[in-house]
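Colleague: Please take one part of this model and go through it closely. I would like to know what it packs against and how.

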Amino acid sequence: MSLLRRLWGWFWRPSASWSLGALLVVGGLGGIIFWGGLNTAMEKTNTLEFCISCHEMQSTVYEEYKKSVHFSNASGVRAICSDCHVPKDWTHKVIRKIQATGELYHHLAGTIDTLEKFEAKRPELAARVWTAMKATDSRECRNCHSFESMAFHKQTARASEKMQEAMKTGETCIDCHKGIAHKLPPRDD
């Protein structure tokens with residue numbers, strides 16, 4: 001019992017003017033407030049409203065997205081920007097958010113602030129997204145879609161054939177579905 005009492009006393013003993021216990025409690029509360037603020041900011045930047053708050057997005061990719069099956073479809077399920085462009089798991093989400101600071105830089109620098117500038121950069125922007133999706137086996141697509149869940153018999157004959165072939169050969173969603181939500185860049189033929 002005396003060991004427990006000594007540890008308890010040591011825990012609350014002042015260090016200069018604050019006890020170790022008070023420092024830990026204040027530090028713990030500060031950590032909770034910081035973590036809550038960080039999580040709130042991360043979730044706020046995952047909203048459709050945040051994504052289209054830049055006029056570059058409103059007048060280009062958002063207009064394209066509104067014409068896609070990810071915006072309006074028979075099942076009534078809508079995927080928003082973050083569903084396709086931000087990983088769900090925390091570690092990969094933080095990495096993606098850090099990468100997105102480069103996109104904020106280009107917004108502030110005016111790199112894509114006109115339709116002409118955006119269209120000139122579209123091939124590079126699309127290639128970057130496609131490369132990332134290929135590297136992760138279309139991880140964000142697979143949050144909603146999986147070969148194992150597909151009812152091939154309910155698909156058109158061609159879609160069923162292609163999906164089953166892709167499953168057997170290990171292809172990933174982006175191999176065939178570039179341009180599913182946004183306009184394809186011009187080809188360099």
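Modeller: A crossing is left-handed if the near helix is turned anticlockwise from the far one by less than a right angle, and right-handed if clockwise. Helices here are DSSP runs of H or I with at least four residues, and strands are runs of E with at least two, numbered from the N terminus. The model is predicted, so local features need pLDDT of at least 70 and side-chain atom pairs pLDDT 80 or more, while totals for chains, interfaces and linings use all residues. Residues are numbered from 1 along each chain as its sequence is written, and side-chain values use heavy atoms, without hydrogens and water.

Helix α2 covers residues 20–44 and packs on α7, residues 90–109, at about 70°, the axes being 12 Å apart. This makes the two helices roughly perpendicular. Axes are lines fitted to C-alpha atoms, for helices over the stretch in contact, and angles run from 0 to 180 degrees between N-to-C directions. Under 35 degrees is roughly parallel, over 145 roughly antiparallel, 65 to 115 roughly perpendicular, and the rest oblique. The crossing of α2 and α7 is left-handed.

In contact terms (heavy atoms within 4.5 Å), Trp35, Leu38, Met42 and Glu43 of α2 meet Trp90, Lys93, Val94 and Lys97 of α7. Sorted by class, this contact has five nonpolar, no polar and three charged residues. Ala, Val, Leu, Ile, Met, Phe, Trp, Tyr, Cys and Pro count as nonpolar, Asp, Glu, Lys and Arg as charged, and the others, Gly among them, as polar.

On the α7 side, Lys93, Arg96 and Lys97 are buried. Buried means under 20% relative accessible area, exposed over 50%, and partly exposed in between, with a 1.4 Å probe and protein chains only. The cover over the buried residues of α7 includes α2 and α6 (81–85).

Helix α2 also packs with α1, residues 2–12: their axes come within 4 Å and cross at roughly 65°. Here Trp10, Phe11 and Trp12 of α1 meet Leu20, Gly21, Ala22 and Leu24 of α2. This contact has six nonpolar, one polar and no charged residues.

One more residue of α2 is alanine 41. With 40% relative accessibility, alanine 41 counts as partly exposed. Its C-alpha atom is 39 Å from that of glycine 9, 32 residues away along the chain.
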